[in-house]
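Subject: Structure handover

Hello,

Here is the structure for your files. Please have it open while you read the notes below.

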Amino acid sequence: MGSSESREASCAGCMPLRSPSGLLSGASSPVPAEKPVPARKPKPCSFSIAGTWSNWTPEEMQWNGTNFTSIVTVGENQWEAFQILKDGSWDTVIYPSKKDATPQMSYALRGPDSDNRGYNWLMGRAGFNPFQKDRIPPGTKYKVILNVTKAGVADSVNWELHRASAVSGAEQQKPEEDMPPVTYWIAGTWAEWLPAPMLWDGECFYAMVRIGSRGWEAFQFCVEGSWDKVVYPSIKDANPYRHFEFKGPDNRNKGYNWVIGRAGMNWLGHDIFAPGTRCKVKLFVDSSGKPKRMGWDLYTGERADRPTLICFAGLASGSLEVVPSTGSKSYVGWCRVKELVKHPKKVLRALSLKLEDGRLKDGRTVKCTACVSDEFHVRPVKGIQGIKSLSPPGSIQIPVWGPLVDQLEGDFNWHAFSYDWRRWGDEKFAEETLERFRQEVEDIIRHDRPSSGKASLIGHSMGTTVMLYLLSVVGDSWVKKHIDQIILVAPAHMGSPSMVSSYAHCPFVDTQSWMPVPGIFDQTLGDLTATWACMIAEMPVKVGGVAPWPEDHVFAITPGKQYRLADIGEFLVDLAACKQHRESGPALWPSVCRLTAAVRPPQVPTTIIYGAGVDTPNQVEYEDCNLGRAPKLSSTVPGDGTIVAYSVETVARAWQAKGSQVRLLQEPPKEGTSHKSLICCTFTAAIVPAVLTHRKLTPIEVIVVSASGLRNADTGLAGVSDPYCRIHVPGKPSTVRQTEVVMNCLDPEWNYSDIIYAYTEGDQLMFTVYDMDSGCTDGDLLGRVMLSAQQVRAGFDGNLYFDGDPGSLRVKVTALPHI
C-alpha cells in the first residue's frame, strides 16, 4: 500500500508529485520525432466550413500549402457546431461518425455524401456534460484544421486555440523562429513518466505520443526536464476542449494532468482512442518561455506513410450477423453465448446450412451450400471490428485478432476481408468470393494510397487457405501488381488430422476454445457444424499436388480399416453411413479437393509463422467400425495443438524448391502457444511489423532476479513496500513485461524471466520498480534505471543502481540470434 507521498503513477488521477531532476542517461523521446509535413502545392480541391456561428452558411476554408484552415469565433452560447463541405456543396459533406464529435473522441470520417444530418463536430462542450461545464468564453477564437491526402481526400479534423485569442499584438509581431530561453520536456504514462525533451519547430514545442493498449495517455510538462518545475493544468483530466489555466512551474502537480483519449467525465469508458493512434502534442509559449496555450492533433500524416494490411480470419474466428427477413433487428449469432442460451433453436436454425445444386461459370453442376430457411440471412460483420472480437456488440468480448490489432493499429492501415467462413469449401461460394476479393483489394489500395501501391495480406488458420486459393486463381499479373507480400499465421491450408474426429463426433476440437459452450450443447452443435463446408475444407488434403504427410501415414484406424491421405473421401462416406447429419462430407469433398488442387506456390514474398510447442493429434483409433463414436488419441507430434508442424514445413519446402520466396519462422517451442492464440501472441506481434517494414529483430532474454535496499513507500500500519518490476522498451507497448508483486518486502526476489521479441538494434531497455498501490494503475515509484543499447547488445549480468533513489536491481539480459 502506498503513502500520500507517492511520487509516480500512470493512472489519470495518480500522477507524479516529485521525481528525480533531469533525464536518465540515454533516455529518448517516447515516439521518434517526425519532421513537419512538407508543403504541397497546388491546392488539391476546395473545402468550405458551415456552422452555427454563420447559420450554417458555407464559408470557404483557406489552403496554406499543407492543410485547409478556418478561424471560428465562439459566440454567446459558448459552443459552436460545424460540418465541412467539399467544393461548397451540401451533397458532398464531410462529417464525423459520432454526434457532437471532438478530436478527443475516437470516430471515423464519413462522406462526402448527404447523410450528414445531426452528425456535427462540437467545440466548447466535451462529450458527456451533465453539469454544463467546460463552456468556452464568448469571443474565443479557434483555428479549425482539415488535413487531406495528396489526392484531396479528407484525412482528419482538429482545432486549436488561435493565437490571436491569447497573445498581444506585440507578441504576435515577434518572429516565431526565435528559440525561447527555456526548453520543455514531456513526461507521461507511455514511458513510465520518464521525461523526454520536446522539439522546437519555430512555432511551438512538440512531441509525438502513441496511445497504448488502454486507449488513453496522461502527461505533464517539465521545464528543463526538472520535476521541481512542472507545468500542469488547473483541473484534473484536462484537455484542449475544456477550459483550464496553466499552473506552475512548481512541484504541486500531483493528480493534475492532461489526458489524451478520454473526454471529461467518462464513467462508461467512452471516447477511448484506438491503441496505436499517434498524437502530436504542442505547447505554445511566449517570448519569455511562459506557456500560453497547448493542444494536440490526431497525427495520421499521409496514408502512404503506413503500409496497408488486409486480414483473413479463419474458421469460427470472424463474427457472423443474423439478419431476420422480417426486418427486425439483426444480432451476432456467432459467437454469442447469451443468444444461444436464450434462443437455441432460432440460433441453430439460422446458422445451419443445407445442400443444393449450383452451377459454376464454366457450366459444371456442383453441390453447394445455402441457408436452411428464408427467415434469416447470415452475413459476416464487416470491417476490422468483425475479427478483433467474436462478439463486437455483446457485453462478453471474445478476443481473436484484437490483441494484435491493438498493439499495431497505429503502424498500419488495417482492413479485414470478411467472408462467411461456414461456406468455404463450396466451389460456387469460392467463385463468388474471388470476384469480391479482387474488387475490395483494388478499392482499399485506391483509398489508402500506400507508397508501394500495393497491399500486404495476413491470414490465420483457415484464412490462409482462403487467401492462397484466391491468389492462385486471380492471376499472376494481378497479384504482382497489387500484393506486396503475405504472412501466414498457424496456416491450415494442408488441413489438420484433428478434424477427422472433430467432424465425426465433436464440434470444436479446433473451435471450442473460442467460446465457453456448455457440454449439453455438444451433440447439437456437432450436428450444426457438420452442415458447414469449412469442416470438410480442413480435412487433411494435398495442396497443389504436394502431400503434407507421407503417403503411408494413417490418420484413423478401425479394427478392419486404415484411412490414409488418399482415403479421406472414403472415410467421409463411411462416416455418413453410420452417423446422421454427415451427408455434407461426401457431397462436398470433391469440391474441396478441386479447390486445394488449384493452390500454387505464392508469387510474392511469403512468411510463415507456426508453432511446434504443443502435442498435436496426428492419429486416432476407433474401438469398432462405428466412426460416429469418439475415438482415442493414439499418436501426437509437435505442432500448435491443431496444425502439425512438419506438415507446414513439408509444403513450404516444396514451394521453396519451385522458386517461391518462402520464409519459415517457428515460434520457440518453449512458448507453447496454442493454435488460436498464435495470431495474438507476443512472438507474432513482434514478427509482423518487422516483416512488413523489412527490419531484423534481435530478441533478448530478460531475467529480473531481485532488488535490494528499496525505499519504504508505506507508513504507519501499512507495513513496508509491496514491490514489483516492470520492463519495457520505450515507445514499444508490446514489449511491456511485469514481475509478480512481493508483499511487505524491501529486498524482493522475483527470478522472473521472459523473451522480448520486438527488440531491434539501438533500443534501450527500461526497468521500473513500483510499490503496489491500491487505487492506482502503477503505484509509488521506488526506482528506475535504463540499460543502454550497447549494454543490451553486449549482454549484461549484474546490479543496476537507481538514479536518485536508494536500492539496486539485479538483472541478466542476453541477446538472442537475429530473426
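First, a term for the notes: a residue is buried under 20% relative accessible area, exposed over 50% and partly exposed in between, with a 1.4 Å probe and protein chains only. This is a predicted model: local features need pLDDT of at least 70, side-chain atom pairs count only at pLDDT 80 or more, and totals for chains, interfaces and linings use all residues. Residues are numbered from 1 along each chain as its sequence is written, and side-chain values use heavy atoms, with hydrogens and water left out.

Helices (H or I, at least four residues) and strands (E, at least two) are DSSP runs, numbered from the N terminus.

Aromatic pairs

Rings of Phe, Tyr and Trp (its six-membered ring) pair if their centres lie within 6.5 Å. Planes under 30 degrees apart count as stacked, over 60 as edge-to-face and the rest as tilted. By this rule there are 29 aromatic pairs. Take Phe244 and Trp258: the ring centres are 5.8 Å apart and the planes stand at 75 degrees, so the pair is edge-to-face. Phe244 sits in the loop between strand E16 (230–233) and strand E17 (246–250), and Trp258 in strand E18 (residues 258–260), so the pair ties together parts 14 residues apart in sequence. Trp258 is buried, with a relative accessible area of 0%. Phe244 is also buried, at 15%.

Trp258 has a further partner, Phe246. That pair is tilted, with 5.9 Å centre to centre and 55 degrees between the planes. Phe246 belongs to strand E17 and Trp258 to strand E18, so this pair ties together parts 12 residues apart in sequence. Phe246 is partly exposed, at 24% relative accessible area. These rings belong to one aromatic cluster: Trp190, Phe219, Phe221, Phe244, Phe246, Trp258 and Trp296.

Charges over rings

Here a charge sits over a ring if NZ of Lys or CZ of Arg is within 6 Å of the ring centre and within 35 degrees of the ring normal. The charged end of Arg293 sits over the ring of Phe284, 3.9 Å from its centre. For Lys280 over the ring of Tyr206, the distance to the centre is 4.7 Å.

Salt bridges

A salt bridge is a side-chain nitrogen of Lys or Arg within 4 Å of a carboxyl oxygen of Asp or Glu. The structure holds 25 of them. One joins Glu192 and Arg726, at 3.1 Å from N to O. This pair links distant parts of the chain, 534 residues apart. Glu192 is in the loop between strand E11 (184–188) and strand E12 (196–197), and Arg726 is in strand E37 (residues 723–728). Glu192 is buried, at 5% relative accessibility. Arg726 is buried at 11%.

Arg436 and Glu440 both lie in helix H7 (residues 427–448), four residues apart, about one turn. Their closest N and O atoms are 2.8 Å apart. Arg436 is partly exposed at 30%, and Glu440 is partly exposed at 25%.

Lys542 and Glu551 also meet in a salt bridge, at 3.8 Å from N to O. Lys542 is partly exposed at 38%, and Glu551 is partly exposed at 47%. Elsewhere, salt bridges that share partners join Asp362, Arg364, Glu427 and Arg594 into one network.

Which residues of helix H4 (residues 344–351) are buried? They are Val347, Leu348, Ala350 and Leu351. They cover an arc of only 160 degrees around the axis, which puts them on the same side of H4. The arc is that of the directions from the helix axis to the C-beta atoms.

Ser472 lies in helix H8 (residues 462–473) and is buried at 10%. Leaving aside neighbours within four places in sequence, Ser472 is in contact (heavy atoms within 4.5 Å) with Ala598, Val599 and Arg600.

Backbone points to check

Most residues other than glycine have a negative phi, and most peptide bonds are trans. Gly111 and Pro112 are joined by a cis peptide bond, with omega about 5 degrees. Pro112 lies in strand E7 (residues 109–113). The bond from Gly248 to Pro249 is cis too, with omega near 5 degrees. Pro249 lies in strand E17.

His694 is not a glycine, yet has a positive phi of about 60 degrees. His694 is in the loop between helix H16 (682–692) and strand E36 (700–708), and is exposed at 63%.

Best wishes
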